[in-house]
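The sequence and the model are shown below.

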Amino acid sequence: MNSTPAPPRALQRRIEQILLRYWDPIGVAGIPDARGEYEPYVAGVYRLLVSGASARKLAGHFFAIEKRQLGMKDFTPKSLMPLAERLVRLHVATTSKGEQA
């Protein structure tokens with residue numbers, strides 16, 4: 001089966017959409033002017049995904065962002081596993097089927 005991976009920009013846009021919909025720790029998803037709020041985190045998530053990072057590693061990455069950069073204390077790495085697993089599935093789907101999940 002010949003598969004064509006999703007272009008990096010398309011995958012990065014999808015990552016940003018997932019962050020707004022399933023992560024959104026500061027609650028900006030409904031604010032049109034704040035749509036790019038999580039864009040600074042997309043490249044790091046993208047790099048982790050293409051390097052083959054596990055969901056556990058991604059959850060730890062988000063936990064560090066929440067704790068160190070956003071000053072949040074209500075989350076644990078375990079609570080971030082559904083988000084991390086969704087992102088891992090996204091990457092697997094885009095690289096194995098050439099389409100976005």
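## Burial and overall fold

Of the 101 residues in the protein chain, 37% count as buried. The coordinates come from a predicted model. The accessible surface is about 6,300 Å², and carbon and sulfur atoms account for 51% of that area.

The chain contains 4 helices and 0 strands, and its elements follow the order α-α-α-α from the N terminus. When contacts between residues at least 6 apart in sequence are considered, 60% of them join residues at least 24 apart.

## Helix α1

Helix α1 covers residues 8-23, a run of 16 residues. Its first and last C-alpha atoms are 21 Å apart, close to the 22 Å expected at 1.5 Å a residue. The buried residues of this helix are A10, L11, Q12, I15, E16, I18, L19, L20 and W23. An α-helix has 3.6 residues a turn, so residues three or four places apart point the same way. After α1 comes D24, which has a positive phi near 35°.

Q12 belongs to helix α1. This residue counts as buried because its relative accessibility is 16%, under the 20% cut-off. With neighbours within four places in sequence left aside, Q12 is in contact with V42 and Y46.

## Helix α2

Helix α2 spans residues 39-50 and has 12 residues. From its first C-alpha to its last, α2 reaches 17 Å, close to the 16 Å expected at 1.5 Å a residue. Its buried residues are Y41, V42, G44, V45, Y46, L48 and L49. Just after α2, G52 adopts a positive phi of about 85°.

## The nonpolar core

The largest nonpolar core has 26 residues, among which I15, L19, W23, F62 and L87 touch the most other members. Two or more residues of this core come from each of α1, α2, α3 (55-69) and α4 (81-97).

I15 illustrates the contacts made by one of these residues. Apart from neighbours within four places in sequence, I15 is in contact with V42, V45, Y46, L49, L87 and L90.

## Aromatic pairs and a charge over a ring

The count of aromatic pairs comes to 4. In one of them, the rings of W23 and Y41 have centres 5.8 Å apart and planes at 90°, so the arrangement is edge-to-face. Because W23 lies in helix α1 and Y41 in helix α2, this pair ties together parts that are 18 residues apart in sequence. W23 counts as buried because its relative accessibility is 9%, and Y41 likewise counts as buried, at 16% relative accessibility.

Y41 also forms a tilted aromatic pair with Y38, with 6.5 Å from centre to centre and 40° between the planes. Both Y38 and Y41 are buried. W23, Y38, Y41 and F62 make up one aromatic cluster.

R86 lies over the face of Y22, at 3.7 Å from the ring centre.

How values were computed. Residues numbered from 1 in each chain as written. Predicted model: local features only at pLDDT ≥ 70, side-chain atom pairs only at ≥ 80, totals over all residues. Heavy atoms only, no water. Expected span 1.5 Å × (residues − 1). Buried < 20%, exposed > 50% of the residue type's maximum accessible area, 1.4 Å probe, protein only. Contact = heavy atoms within 4.5 Å. Phe/Tyr/Trp six-rings, centres within 6.5 Å; stacked < 30°, edge-to-face > 60°. Lys NZ or Arg CZ within 6 Å of the ring centre and 35° of its normal. Areas by Shrake-Rupley, 256 points an atom, 1.4 Å probe, with all protein chains shown as cover. Core = buried A, V, L, I, M, F, W, Y, C linked by side-chain atoms within 4.5 Å.
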